[in-house]
Amino acid sequence: MSSDKSLLLVLDLRKKAEEDALRMWSDARKAVQSFKDQLAQLEQFSKIYEVEMQSKSKNGLDMTMYQSYVQFLDKLEKIKVRQENGLKQLELQEQRAQQFYLEKQKERKIIESLLEKHKIQRRIKESKAEQKLADDLVSSKHARLVLEKS
């Protein structure tokens, strides 16, 4: 029974660790989604700027203004590349957080299965003790009857 108390304490610790790991994984997923949203906004902004440049080019755009558009679009492309690299890093962090969570979940399940195993062993032991008690009772009644007949 005291080993079960120890296991219950360990189980509580494992549950807390699992909850913390799940929270970390959830935060990592949110960060990835936020980064993807930012990247999508950047791409959308870049397309809008490109369409604007093309539209103004049709009406006649001086070279200085054209170069400004091109330079700005180049900057946006460089930012996009950096963002994509950052996204890859965040996705790796999310995968690590997921693996960590799955590890903690597995650890909790191991402790729960140990507790269940102990519970089953205890029931078997109690059942055997009850059976032995019942057998002893029957034997003692039988012995009394035999003694009373003699």
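Which residues are linked in a network of salt bridges? Arg 14, Lys 104 and Glu 107 form such a network.

## Basis of the model

The model is predicted: local features need pLDDT of at least 70, side-chain atom pairs count only at pLDDT 80 or more, and totals for chains, interfaces and linings use all residues. Residues are numbered from 1 along each chain as its sequence is written, and side-chain values use heavy atoms, with hydrogens and water left out.

## Salt bridges

Twelve salt bridges are found in the whole structure; the term denotes a side-chain nitrogen of Lys or Arg within 4 Å of a carboxyl oxygen of Asp or Glu. In the bridge between Arg 14 and Glu 107, the closest N and O atoms are 3.8 Å apart. This pair links distant parts of the chain, with Arg 14 in helix α1 and Glu 107 in helix α2, 93 residues apart. Helices are DSSP runs (H or I, at least four residues), numbered from the N terminus.

Glu 107 also meets Lys 104 in a salt bridge, at 3.5 Å from N to O. These two residues are separated by about one helical turn, because they lie three residues apart in helix α2. Lys 104 is buried, with a relative accessible area of 16%, whereas Glu 107 is partly exposed at 24% and Arg 14 is partly exposed at 30%. Buried means under 20% relative accessible area, exposed over 50%, and partly exposed in between (1.4 Å probe, protein chains only).

## Aromatic cluster

The whole structure holds five aromatic pairs. Rings of Phe, Tyr and Trp (its six-membered ring) pair if their centres lie within 6.5 Å; planes under 30 degrees apart count as stacked, over 60 as edge-to-face and the rest as tilted. Phe 45 and Tyr 49 form a tilted pair, 6.1 Å centre to centre with 40 degrees between the planes. Phe 45 also pairs edge-to-face with Phe 72, at 5.9 Å and 85 degrees.

Phe 45 lies in helix α1 and Phe 72 in helix α2, so their pair ties together parts that are 27 residues apart in sequence. Ring pairs link Phe 45, Tyr 49, Tyr 69 and Phe 72 into a cluster.

## Surroundings of Gln 83

Gln 83 is located in helix α2, which spans residues 63-149. At 18% relative accessibility, Gln 83 counts as buried. Leaving aside residues up to four places away in sequence, Gln 83 touches Phe 35, Gln 38, Leu 39 and Leu 42, where contact means heavy atoms within 4.5 Å.
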